[in-house]
Amino acid sequence: MAKSNSNIIIYNSSEIQKKIYNIRGEQVMFDNDLANFYGVETRRLNEQVKRNYSRFPKEFMFQLTTAEFENLMSQFAISSSEHG
């Protein structure tokens, strides 16, 4: 669980590791998870990335295909039902 002291949030490394997925042979995090870690709305994170696009390497982000998205959603549903 995250611990907050003033404006500093400390995360346990296992919390972060749970948010890293292997897609297309790359380790990735979803924008909503990154936004949550930074304490901002997902749309704000995406706005800043678009505004500063040239500052990011091209492999910094990619969009999931419909099949990849559906596969991940089905994995989440299975995981949720197993763990209540």
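Predicted model: local features only at pLDDT ≥ 70, side-chain atom pairs only at ≥ 80, totals over all residues.
Residues are numbered from 1 along each chain as its sequence is written, and side-chain values rest on heavy atoms, with hydrogens and water left out.

The secondary structure comprises four helices and four strands, taken as DSSP runs numbered from the N terminus (helices: H or I, at least four residues; strands: E, at least two). From the N terminus on, the order of the elements is β-β-α-β-β-α-α-α. Of the 84 residues, 14% are buried (buried, under 20% relative accessible area; exposed, over 50%; partly exposed, in between; 1.4 Å probe, protein chains only). Among contacts (heavy atoms within 4.5 Å) between residues at least 6 apart in sequence, 30% join residues at least 24 apart.

Helix α2 (31-38) contains the buried residues D33, A35 and F37. The buried residues of α2 pack against α1 (13-17), β3 and α3. The helix is followed by G39, which has a positive phi near 75°.

Two aromatic pairs are present in the structure. The ring centres of Y11 and F37 lie 4.7 Å apart with the planes at 80°, and the pair is therefore edge-to-face. Ring pairs of Phe, Tyr and Trp (its six-membered ring) require centres within 6.5 Å; planes under 30 degrees apart are stacked, over 60 edge-to-face, and the rest tilted. Because Y11 belongs to the loop between β2 (8-10) and α1 while F37 belongs to helix α2, this pair ties together parts that are 26 residues apart in sequence. Y11 is partly exposed at 23% relative accessible area, whereas F37 is buried at 18%. The second pair involves Y21 and F30, whose ring centres are 4.8 Å apart with planes at 35°, so that this pair is tilted. Y21 is buried at 19% relative accessibility, and F30 is buried with a relative accessible area of 17%.

Two loop residues may also be described. R24, in the loop between β3 and β4, has a positive phi of about 55° although it is not a glycine. Most residues other than glycine have a negative phi. R24 is partly exposed, with a relative accessible area of 48%. K18, in the loop between α1 and β3, is exposed at 62%. K18 and M29 are eleven residues apart in sequence, with a C-alpha to C-alpha distance of 9.5 Å.

The largest pocket has a volume of about 910 Å³. On a 1 Å grid over the protein atoms alone, a pocket is an open set of points with protein on both sides within 12 Å along at least five of seven lines, and lining residues have an atom within 4 Å of a point. Grid points are joined across faces, edges and corners, and the volume is the space filled by probe spheres set on the points. The lining comprises 28 residues, of which M29, F30, D31, M61 and F62 lie nearest the centre of the pocket. At least two lining residues each are supplied by β3 (21-23), β4 (26-28), α2, α3 (42-51) and α4 (66-82). The lining divides into 17 nonpolar, four polar and seven charged residues (nonpolar: Ala, Val, Leu, Ile, Met, Phe, Trp, Tyr, Cys and Pro; charged: Asp, Glu, Lys and Arg; polar: the others, Gly among them).

Note on methods: 1 Å grid on protein atoms, 1.4 Å probe; cavity = no way out; pocket = protein on both sides within 12 Å on 5 of 7 lines; lining within 4 Å.
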